[in-house]
Amino acid sequence: MICKKCGTQLADGTVFCQTCGAPVATPAPAPAAAPVVAPVFVQPTANTIPPENRPLSPWAYWGLQILYAVPIVGFIFLIIHSCSGTNINRRNFARSYWCSLILVGVIGLIYLIVALIAGGAIYSSYYY
């Protein structure tokens with residue numbers, strides 16, 4: 001260490017300069033590094049997941065598929081489950097069921113149009 005007032009070389013740990021008597025500022029000790037703690041993953045349980053985010057079992061999806069296939073009652077439940085917010089997974093499944101119904105309807109409509117066009121062509125070639 002060197003005295004800031006007179007420039008004398010001092011031994012480490014000296015509190016006052018031996019030449020001029022000025023107090024020597026000792027460097028502050030370096031702060032201790034905080035210990036590194038590895039993150040711990042806790043597997044969520046049924047009690048820690050909110051009810052609206054709880055996953056459905058494969059049997060629940062299978063049961064909902066059967067329920068939605070029932071003609072009138074299934075359609076009512078499909079509407080209710082598509083709009084409710086009680087369970088996000090059930091709501092998303094019901095909405096995906098709507099998407100599949102729309103897709104089947106569009107494909108059926110295209111098939112019907114093609115069948116009518118082809119049928120008309122066959123009919124006209126037979127009878128005219």
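How many residues does helix 2 have, and how far does helix 2 reach from its first C-alpha to its last? Helix 2 has 13 residues and reaches 19 Å, close to the 18 Å expected at 1.5 Å a residue; the expected span is 1.5 Å times one less than the number of residues. Helices are DSSP runs (H or I, at least four residues), numbered from the N terminus. The model is predicted: local features need pLDDT of at least 70, side-chain atom pairs count only at pLDDT 80 or more, and totals for chains, interfaces and linings use all residues. Residues are numbered from 1 along each chain as its sequence is written, and side-chain values use heavy atoms, with hydrogens and water left out.

Gly 74, Leu 78, His 81 and Ser 82 are the buried residues of helix 2 (buried is under 20% relative accessible area, exposed over 50%, with a 1.4 Å probe and protein chains only). They lie on the same side of helix 2 because their arc around the axis is only 100 degrees, taken from the directions from the helix axis to the C-beta atoms. On the other side, Ile 72 and Cys 83 are exposed.

His 81 counts as buried because its relative accessibility is 10%. Its side chain makes a polar contact with the side chain of Tyr 68 at 2.7 Å (a pair of N or O atoms within 3.5 Å, one able to donate a hydrogen and the other to accept it; residues adjacent in sequence count only if both atoms are side-chain atoms).

Tyr 68 also belongs to the largest nonpolar core, with Leu 64, Leu 78, Phe 93, Ala 94 and Tyr 97. Such a core is a set of buried Ala, Val, Leu, Ile, Met, Phe, Trp, Tyr and Cys residues joined through side-chain atoms within 4.5 Å. Helix 1 (58-69) and helix 3 (88-127) each give two or more residues to this core, and helix 3 supplies the largest share, 3 residues.
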